[in-house]
Amino acid sequence: MIDRKFPKSRLRRLRRSSNLINLVSENTLSANDLIQPLFIKEDLDGSEPIDSMPNINRYGLKDILKEIEDVLHNGINTIALFPVINPDKKDENGGEAVNENNLISTAIKNIKKEFPEIILIADVALDPYTSHGHDGVLLDGIVDNDSTLDVLVEQSLVLANAGADIIAPSDMMDGRIKFIREVLENSNLKDTILLSYAAKYNSKFYGPFRDAVDSASNLGESSKSSYQMNPSNINEALQEVAMDINEGADIVMVKPAMPYLDVIHAIKQEFKIPTFAYQVSGEYSMLKLAIEKGWLHEDVMLESLLSIKRSGADAILTYAAKDIAKEISK
Ligand code: PBG
């Protein structure tokens, strides 16, 4: 028999109106938590769509300024910039990455001149620049850790000197944070922030991004499993983060986000340092396409971002940043 006097606690009391629900909500999402990734393409006039990423474009040097103005106007203060260079500038060793006048350096200078207050993140890795699509230089067909470090250090200097506020190594070479931090300290670039892609998994969710930066065809069937993490592992993620903190990282990142909420949570619990998450291209496209088809309600995007916040992320890189900022300010 049910005891009719049972309910001292009725959790539904606090769900009786949206005002009550909001009053006791444990997590919120604001434009301050969102970072907009943007693709910039060399010699492009205007902008062009990316087939595998609904509603996301590549921008030429001029048009990206207009897009950034719109992003800022919607309350987002931070962008992450990814270059798509001319294919004939790609080579075995990613030499264009260390050219002071390359596409991304030019873009960074233009953007910081027009929008000095913006927080600009630039990736450190060679995959936009190599003919084989790997993040480092090859030795006997394998990405070689230590010779890659030399190039990454130089690339970091180029990006920081161009005016990037945050340098984000996404290459997963061992020891890169240490060497990059050292060279920044020694080059009077003490305030450049290091955001380490510390727990970056060898994920198939990056597929659309590789189309976007045109590295998919170069990479072919080759895998990044000799440097990116095995999706089975979580202890290893804690070890990666511990090392990167010791080496001088200011912020650590987990990538992808939604399939790895446990990893975000564990890192935040253990280290209590600024922890970002990257809702990657495949996560975005999956949701966005289903929304466009009418199979999912558009609120799934906000729900996915809230889940990432709830897991412990302080900020989120997401292709949906501008649209979500627009929506939550309503
Ligand atoms: C490359 C890099 C990748 C992403 C960001 N930087 C792809 C990769 O490792 O192959 C993926 C981002 C996304 O999928 O949205 N260093």
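Biologist: How many aromatic pairs does a search of the whole structure find?
Modeller: Eight aromatic pairs, in what is a predicted model.

Biologist: Take Phe 82 and Phe 209. What is the geometry of their rings?
Modeller: The ring centres are 5.1 Å apart and the planes stand at 90 degrees, so the pair is edge-to-face.

Biologist: And where in the chain do those two lie?
Modeller: Phe 82 is in strand 4, residues 78–84, and Phe 209 is in helix 6, residues 207–212. They are 127 residues apart, so the pair links distant parts of the chain.

Biologist: Buried or exposed, Phe 82 and Phe 209?
Modeller: Phe 82 is buried, with 3% relative accessibility. Phe 209 is buried too, at a relative accessible area of 14%. The cut-off for buried is under 20%.

Biologist: What about Tyr 197 and Tyr 278?
Modeller: Those two form a tilted aromatic pair, 6.2 Å centre to centre with 40 degrees between the planes. Tyr 197 belongs to strand 9 (residues 193–200) and Tyr 278 to strand 11 (residues 275–279), so the pair ties together parts 81 residues apart in sequence. Both tyrosines are buried.

Biologist: Which residues form the aromatic cluster?
Modeller: Phe 39, Phe 82, Tyr 197, Phe 209, Tyr 278, Tyr 284 and Tyr 319 form one cluster.

Biologist: Changing topic, charges. What sits over the ring of Phe 209?
Modeller: The charged end of Lys 255, 6.0 Å from the ring centre.

Biologist: And which ring does Lys 200 lie over?
Modeller: Lys 200 lies over the face of Tyr 206, 5.5 Å from the ring centre.

Methods. Residues numbered from 1 in each chain as written. Predicted model: local features only at pLDDT ≥ 70, side-chain atom pairs only at ≥ 80, totals over all residues. Heavy atoms only, no water. Phe/Tyr/Trp six-rings, centres within 6.5 Å; stacked < 30°, edge-to-face > 60°. Helix = DSSP H or I, 4+ residues; strand = E, 2+ residues; numbered from the N terminus. Buried < 20%, exposed > 50% of the residue type's maximum accessible area, 1.4 Å probe, protein only. Lys NZ or Arg CZ within 6 Å of the ring centre and 35° of its normal.
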